[in-house]
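Open the model in your viewer and keep the sequence at hand. The tour below goes from one selection to the next.

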Amino acid sequence: MDELRVVDQWSIPDDLWEGIALLLPEHVNTHRFGGGRPRTPERVCMEAIFFVLRTGCQWKALDATRFCPGSTAHDRFQEWVQAGVFVKMWEAGLMAYDDWKGIDWSWLSMDGCMTKAPLGGEKDREKPHRSSQGRRQTQPAGRGVRHPRGVGRGRSQPQRHETGR
C-alpha cells in the first residue's frame, strides 16, 4: 500500500482494489518522446469517481478535495466507460453475489414504461424561424402596447385641428 495514500471513509479497501485493478485497461503512453507528466494513479482516480457518484457533487468540486483534479477524474471516467470497465465491474459484482448468496436466475422481471409526453405537442410540426415574441418586444411592467405617433388610449393631449391662419 502506498505510504502517501490517505485512508478514510472514501478509500477503496485493498482486497476490493485488487479485483478492480484487474479490470482496468493497461495505459499506453502516447507522448512522442515517451515522457510527459506522470499519470495520476488509477486508485486515486477511481476513489474520486466513486466520491462523485456517492455524493452527487460536480466534477469540478473535486478540485477542493484530497482527490485528483475534477478534469482528470472525468477524463479517466470517460476513458473507462469507453473501455467497458464499469460494466465489467457490475458483472463481476453480480457473479460474486451469485457465488456468495445465490441468485435465482429462473425468476427475473423487468419493468419499464414508454408513453407519450402529455404536453409533447405535434411530432413533426414546422419550427418558427424567429423568437416566440412575435413582432413586438415584451413591454416593461405597468405599460401597455404603445401606439404609433402617440395616438389612442387617451395618453396624450388631443390633436388640435386649427382652421384659419
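**Salt bridges across the chain**

Select Arg39 and Glu79 to begin: their side chains form a salt bridge, with the closest N and O atoms 3.2 Å apart. Arg39 sits in the loop between helix 1 and helix 2, while Glu79 belongs to helix 3 (residues 70–83), so the pair ties together parts 40 residues apart in sequence. A salt bridge here is a side-chain nitrogen of Lys or Arg within 4 Å of a carboxyl oxygen of Asp or Glu. Helices are DSSP runs (H or I, at least four residues), numbered from the N terminus.

This is a predicted model, in which local features need pLDDT of at least 70 and side-chain atom pairs count only at pLDDT 80 or more, whereas totals for chains, interfaces and linings use all residues. Residues are numbered from 1 along each chain as its sequence is written, and side-chain values use heavy atoms, with hydrogens and water left out.

Stay on the first pair. Arg39 is partly exposed at 29% relative accessibility, and Glu79 is partly exposed at 33%. Buried means under 20% relative accessible area, exposed over 50%, and partly exposed in between (1.4 Å probe, protein chains only).

Next, select Glu42 and Arg76, which meet in a salt bridge of 4.0 Å, N to O. Glu42 lies in helix 2 and Arg76 in helix 3, so this pair ties together parts 34 residues apart in sequence. Arg76 is buried, at 4%, whereas Glu42 is partly exposed, at 22%.

Finally, select Asp14, Arg43, Glu47 and Arg66, which salt bridges with shared partners join into one network. Within this group, Asp14 and Arg43 have their closest N and O atoms 2.7 Å apart.

Note on methods:
Helices (H or I, at least four residues) and strands (E, at least two) are DSSP runs, numbered from the N terminus.
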